[in-house]
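Hi,

Here's the structure I said I'd pass along.

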Amino acid sequence: MDIICNNIDYQYNKGTKFATYALKKVSLTIKEGEFFGIIGHTGSGKSTFIQHLNALIPIQSGQITIGDYNLFFEPTKKRESKKQKKRMKSKLKDLRRTVGMVFQYPEYQLFADTVKEDVSFAIKNFMPETSEAEVEILTKNAIEMVGLNYFEIKDKSPFEISGGQKRRVAIAGVLAARPQILVLDEPCAGLDPKGKNELWQLLHRLHRDVIKTIIIVSHDMNDVANHCTSSAIFDHGVLKKVGTPKQLFSDQALITECGLEVPVTAYLTNELSKNGIVLDTDFTTDDFCVKLANAIKNQK
Ligand SMILES: Nc1ncnc2c1ncn2[C@@H]1O[C@H](COP(=O)(O)OP(=O)(O)OP(=O)(O)O)[C@@H](O)[C@H]1O
Ligand SMILES: [Mg+2]
């Protein structure tokens, strides 16, 4: 299912003297199948935007369509019937199950006594009719999906496992509800290079096998160049440009204007072109190296 956002405005503390515009007239379509990046300087509106996608932040103005879900501003009705309230709640639950949200440092949200209990929480919450046996199967699947050994880890406290394992357990907790869209806010924040690499491999495996669309917020343009199919650049709440890494990072002036730096591959491509070596690269490290090696060979 595609995500279609139309004219999304959002102000924190709306209607007070502390009102701050976090999003301004954002219109953006994210196609099913994308590994989509949300980039922008700090405070540019990235987290505010993604929290609209599963209605954690209610829409103030504009509209979002995600498959059959239609999100728009709804004034709170004083006289809503019990039936209407129940229907709304159930629809919201469905949406939150469909669009899984992994917050920044998700391991801080682990709370249960055991890993198994923590991961199964989402299943019990979103699918209360699921039998105990089925819950166990879904929990095991989710834990294995993130590359952990179920029998080794299931009875451990989430507080006695490593940082990398905690993050995987937290992601498993979101995957357990079988979302179709997975949104992750800075998934690699605070990880060492090995942990980061492993997490990227995990996300690509999930994207290939179980999750149709992945959306990540990232501050690291090298990661975006290497992993995202397309990205959107936010600047002070405004959506500046959407495109492939090649389209975005070729526009060095725009990237600088938005307070960001181009990935190393784009910087080197630009510098090499000033010296007469023109590389037609997509800015992934692999492609850049191949194109550079070819250019060197051709010069000999
Ligand atoms: N709870 C809040 N109350 C008031 N203003 C807020 C709140 N959360 C965010 N803002 C403001 O909204 C704007 C957008 O914030 P947001 O958190 O969406 O940015 P971001 O791009 O995710 O930043 P970062 O890269 O630092 O995580 C900023 O000006 C921020 O100060
Ligand atoms: Mg943020």
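Let me start with the ligand. The shell around ligand 1 divides into nine polar residues, two nonpolar and one charged. Bear in mind that this is a predicted model.

Which residues are they? Around ligand 1 you'll find Y12, N13, T20, A22, G40, T42, G43, S44, G45, K46, S47 and T48. Two elements give two or more residues to that shell: strand 2 (20-30) and helix 1 (46-52). Helix 1 gives the most, with three residues.

Now the chain as a whole. The protein chain has twelve helices and ten strands. Its C-alpha atoms fill a box of roughly 75 × 50 × 35 Å along the principal axes. The radius of gyration is 21 Å, which agrees with a compact globule, because one of 300 residues would come out near 19 Å. Of those 300 residues, 33% count as buried. As for contacts between residues at least 6 apart in sequence, 65% of them join residues at least 24 apart.

One more spot to look at is helix 3, residues 115-126. The buried residues there are V115, K116, D118, V119, S120, A122 and I123. What do they pack against? Their partners include helix 4 (132-145), helix 5 (150-153) and helix 6 (163-175). A general point to keep in mind when you view it: an α-helix has 3.6 residues a turn, so residues three or four places apart point the same way.

Cheers

Technical notes:
Residues numbered from 1 in each chain as written. Chains lettered and ligands numbered in written order. Predicted model: local features only at pLDDT ≥ 70, side-chain atom pairs only at ≥ 80, totals over all residues. Helix = DSSP H or I, 4+ residues; strand = E, 2+ residues; numbered from the N terminus. Rg over C-alpha atoms; globule rule 2.2 N^0.38 Å. Buried ≥ 20, exposed ≤ 12 C-beta atoms within 10 Å, placed from the backbone. Contact = placed C-beta atoms within 7 Å. Near = placed C-beta within 6 Å. Nonpolar A, V, L, I, M, F, W, Y, C, P; charged D, E, K, R; others polar.
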